Amino acid sequence: MVVLESCPKHNMVAYLEKTDGNTEFHEIISFLTRSSIHYALTVSPVVSTTFVEQFWMSAKSKLINNVRYITAKVAGKPVSISEASIRSDLLFNDADGIDSLPNQAIFDAIQLIGYEGDLTVLTFNKALFSPQWRFLFHTMNHCISSKSTSWDQFPLILPQ
C-alpha cells in the first residue's frame with residue numbers, strides 16, 4: 001500500500017492575461033489559452049482544507065481491473081479518483097492523445113525551441129530556455145504538477 005501525502009506548494013492557478021507589460025509572453029499565453037489544459041490551469045475551485053486533509057489522511061492507491069485509483073473517505077463518504085476522472089473533470093478532452101514520445105523526439109523539439117543545455121542528460125534546466133519558455137514550464141509545473149522539490153529543473157521522464 002502506498003502512503004500518499006498532500007503537498008501545499010502545487011495546484012496553483014495560472015494568471016493568463018495579455019497586458020502591455022508582458023507582450024513578449026503573448027504567444028505562450030495564446031498557446032495556453034487554446035490548449036486542452038487551459039481549464040486545469042485557470043479554474044479556481046472552492047476547496048475546504050478540512051476535506052483535503054480528510055482525503056489525504058485516508059488516501060490509498062489501488063489497482064482495480066487494471067485501472068489505478070486513489071480511494072479515500074471525505075465527510076464519511078467514499079471517494080475514488082482515476083486518471084480518466086481527472087481528464088474528464090479538468091476538461092482535458094485528450095483521451096485519444098499521445099501517451100508518450102521517444103526521447104529523441106523530445107530532444108529534437110527541445111533543441112528547436114532554443115534550449116542551450118546538454119541534451120544527453122534527462123533533466124532540463126529552466127534557466128537555459130528563453131524567458132517565454134521558462135514561463136510556460138513554470139506555469140505548468142506550479143499548476144498541474146505534483147512536483148514538490150526544486151522548480152528550476154524538470155525531468156524528461158516523470159515519476160509514475
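User: How are helices and strands defined here, and how many does the protein have?

Analyst: Helices (H or I, at least four residues) and strands (E, at least two) are DSSP runs, numbered from the N terminus. The model is predicted. From the N terminus on, its elements run α-α-α-β-β-β-α-α-β-α-β. The count is six helices and five strands.

User: Is N65 buried or exposed?

Analyst: N65 sits in the loop between strand 1 (60-64) and strand 2 (67-74). Its phi is positive, about 50°, although N65 is not a glycine. Exposed means over 50% relative accessible area. N65 has 72% relative accessibility, so N65 counts as exposed.

User: Which residue takes a positive phi in the hairpin of strand 2 and strand 3?

Analyst: Strand 2 and strand 3 run antiparallel, joined by six bridges. Their hairpin has two residues between the strands.

User: What is the relative accessible area of A75?

Analyst: A75 lies in the loop between strand 2 and strand 3 (77-82). Partly exposed covers the range between the buried cut-off of under 20% and the exposed one of over 50%. A75 is partly exposed, at 48%.

User: Which residue stands opposite Y69 in strand 3?

Analyst: Strand 2 spans 67-74. Strand 2 pairs with strand 3 in antiparallel fashion. Opposite Y69 stands S82.

User: What share of the residues in the protein is buried?

Analyst: Buried means under 20% relative accessible area. The protein has 160 residues, and the buried share is 26%.

Note on methods:
Residues numbered from 1 in each chain as written. Predicted model: local features only at pLDDT ≥ 70, side-chain atom pairs only at ≥ 80, totals over all residues. Heavy atoms only, no water. Buried < 20%, exposed > 50% of the residue type's maximum accessible area, 1.4 Å probe, protein only. Pairing = 2+ DSSP bridges.
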